[in-house]
Amino acid sequence: MTTAAKTRIKEMLIAFEAKDADAFLNHFAEDAILFDPHYPEPEMQGKAAIRNGLSFAFNMISRPGFHLENFWTDGRTGAVEVQTHHIFQDGNEARFPQVFVFEMQNNLLTRLQSYVPYPPPPAAA
């Protein structure tokens, strides 16, 4: 299962880099939760909500990029460390380390949560 989990994560990252929402979502259970602080709605539950989040991301990012640094799993849960490098539609770039913690069941992701090394922006007054 460890190899299957690593393959699943790698293929999911490749699908994101290709901006292929269908291929990305094929790695998730129907009721999966994706949490990422970069999105307008950081917690997305279910494939429809995740697809909406992807639409937001894919409209902003012209060239998404991830370089896998470290991977750990017990076959059901795990963590993956990546170096993220996105190029946005306006030409700006973002480079930062990111960790994803995940849970799997029946070889599908049931939860994927992003952790980044910086705090969220201050709340609007």
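**Exercise 1. Is F102 buried or exposed?**

Solution. This is a predicted model. The relative accessible area of F102 is 0%. Buried means under 20%. So F102 is buried.

**Exercise 2. Find the aromatic pairs, then describe the one formed by F71 and F102**.

Step 1. Search the whole structure: seven aromatic pairs turn up.

Step 2. Take F71 and F102. Their centres are 5.8 Å apart, with 25 degrees between the planes. Planes under 30 degrees apart count as stacked, and this pair is stacked.

Step 3. F71 sits in strand 4 (residues 66-73), and F102 in strand 6 (residues 93-105). The pair therefore ties together parts that are 31 residues apart in sequence.

Step 4. Look for a cluster. F16, F24, F28, F58, F66 and F100 form one.

**Exercise 3. Check the length of helix 3 (residues 47-60)**.

Step 1. Helix 3 has 14 residues.

**Exercise 4. Which residues of helix 3 are buried, and what covers them?**

Step 1. List the buried residues: K47, I50, G53, L54, A57 and F58.

Step 2. Find their side. They cover an arc of only 135 degrees around the axis, which puts them on the same side of helix 3. Recall the general rule: an α-helix has 3.6 residues a turn, so residues three or four places apart point the same way.

Step 3. Turn to the other side of helix 3. There A48, N52 and N59 are exposed.

Step 4. Name the cover. The buried residues are covered by parts including helix 1 (2-17), helix 2 (21-25), strand 1 (28-35), strand 2 (43-45) and strand 3 (61-63).

Technical notes. Residues numbered from 1 in each chain as written. Predicted model: local features only at pLDDT ≥ 70, side-chain atom pairs only at ≥ 80, totals over all residues. Heavy atoms only, no water. Helix = DSSP H or I, 4+ residues; strand = E, 2+ residues; numbered from the N terminus. Expected span 1.5 Å × (residues − 1). Buried < 20%, exposed > 50% of the residue type's maximum accessible area, 1.4 Å probe, protein only. Arc of directions from axis to C-beta. Contact = heavy atoms within 4.5 Å. Phe/Tyr/Trp six-rings, centres within 6.5 Å; stacked < 30°, edge-to-face > 60°.
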